[in-house]
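Subject: Structure handover

Hello,

Here is the structure for you to open. My notes follow below it.

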Amino acid sequence: MNPKFVRVVLLVLVLANLFIYNVYATTKEVALTIDDLPFVGTNSATKGNLGRAHDRFGKILDYLVDAHIPATGFIIANSIASGQWELLEAFRNAGFSLGNHTYSHANLNQMSADKYIAEIAKADKILAPVMTQPKYFRYPYLAEGRGATKQEVQKYLVENQYIIAPVTVDSKDYQFNERLLHIPWRVRDQYVSKIKQQYLNYVWRQTLKAERHSKDGSSVQILLIHANLLNSHCLGDLIKMYQDNGYQFVSLERALAHQSTPSTGEINDQQMSFNKVDALWLFLQGYPIAFKIDRL
Ligand SMILES: [Zn+2]
């Protein structure tokens, strides 16, 4: 064979390989998951609060619809107040997925497998009218239990056609949400942009950290946020931040098919309390602090 021809063929093969590698290496995908639907704080809500939760849920839904991105929500079955079924239906009818987040936001690190399974089953029954296929489950507090307890619950989930939804980027948005809630609502709007910037910076740092876990240079992330006040203000910018950095939003199904990074498995969630250190932080940063706060 002509040596020149062989060299050309080899060169073409090398270039094709590089091209394929680069396309693969630059894959950046993120699946958005939203926990604690219908809305954080509904359990202790008054009628006025519920009105506000309605508006804020609507804003979150609008951000998703306007940006044409897929999302999966996880519902706490006992926190659906009257009038909130329609929010869940609107979410599902807009093409988004809805999964199970237990009946009462149960913590598997603090209860038996039997009790926990009863929590999942009770939620499954209640949520049947709005849950989508495939069936997804997200552990509250990302608490997966240990040893035999962990195995028993996992077995139950598999036998009942549930797919466990892991997390690779935990936004810890509940912390920024708490800061926002502690600013008196009359002056809140003046401080939203400052807290938003801190929130976005934090999420981006977490994303870069998660990217470093990736072995093949591609980045497929599953982002956890909550249906809360903070995201009713920030979700549009959060979406834009990922897109500006080359990420494409994909369904949870696609992310799970592509994902090679492990879940963070950290135990935390929106229900962690706001403490004195947080209050002091707000004070030192020059924020006004409300003594009595509305959870919504
Ligand atoms: Zn939760």
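In which loop does Asn245 lie? Asn245 sits in the loop between α8 and β8 (248–249). Helices (H or I, at least four residues) and strands (E, at least two) are DSSP runs, numbered from the N terminus.

Two notes before the rest. This is a predicted model: local features need pLDDT of at least 70, side-chain atom pairs count only at pLDDT 80 or more, and totals for chains, interfaces and linings use all residues. Residues are numbered from 1 along each chain as its sequence is written.

Back to Asn245. Asn245 is partly exposed, with 13 other C-beta atoms within 10 Å. A residue is buried if 20 or more other C-beta atoms lie within 10 Å of its own, exposed if 12 or fewer, and partly exposed in between; C-beta atoms are placed from the backbone. Asn245 and Lys28 are 217 residues apart in sequence, yet 8.9 Å apart in space, C-alpha to C-alpha.

Overall picture

The protein chain has 10 helices and eight strands. Of its 296 residues, 37% count as buried. Take the contacts between residues at least 6 apart in sequence: 87% join residues at least 24 apart. Contact here means that two C-beta atoms, placed from the backbone, lie within 7 Å.

Strand β7

Strand β7 covers residues 219–226. Eight of its eight residues are buried, so β7 is largely enclosed by the rest of the structure. Ser219, Gln221, Leu223 and Ile225 point one way. Val220, Ile222, Leu224 and His226 point the other way. In a regular strand the side chains alternate between the two faces of the sheet.

β7 pairs with β1 (residues 28–37) in the parallel sense, over eight bridges. Strands pair if DSSP finds at least two bridges between them. Glu29 stands opposite Val220 in β7. Strand β6 (residues 169–170) also runs parallel to β7, joined by two bridges. There, Asp170 stands opposite Leu224.

Helix packing

Helix α4 (residues 113–127) packs against α5 (residues 147–159) at about 25°, with their axes 9 Å apart. That makes α4 roughly parallel to α5. Axes are lines fitted to C-alpha atoms, for helices over the stretch in contact, and angles run from 0 to 180 degrees between N-to-C directions. Angles under 35 degrees count as roughly parallel, over 145 as roughly antiparallel, 65 to 115 as roughly perpendicular and the rest as oblique. Ala113, Tyr116, Ile117 and Ile120 in α4 meet Thr149, Glu152, Val153 and Tyr156 in α5.

Helices α6 (residues 173–181) and α8 (residues 229–244) pack at about 110°, with axes 8 Å apart. α6 and α8 are therefore roughly perpendicular to each other. From α6, Asp173, Phe176, Asn177, Leu180 and Leu181 meet Leu229, Leu230 and Asn231 in α8.

Backbone points to check

Which residues does a cis peptide bond join, with omega about 5°? Leu37 and Pro38. Pro38 is in the loop between β1 and α2 (47–67). Another cis peptide bond joins Gln133 and Pro134, with omega about -10°. Pro134 is in the loop between α4 and β4 (135–137).

His105 has phi near 60°, a positive value in a residue other than glycine. His105 is in the loop between β3 (97–100) and α4. Tyr141, in the loop between β4 and α5, also has phi near 60°. His105 is partly exposed, with 19 other C-beta atoms within 10 Å. Tyr141 is partly exposed, with 18.

Best wishes
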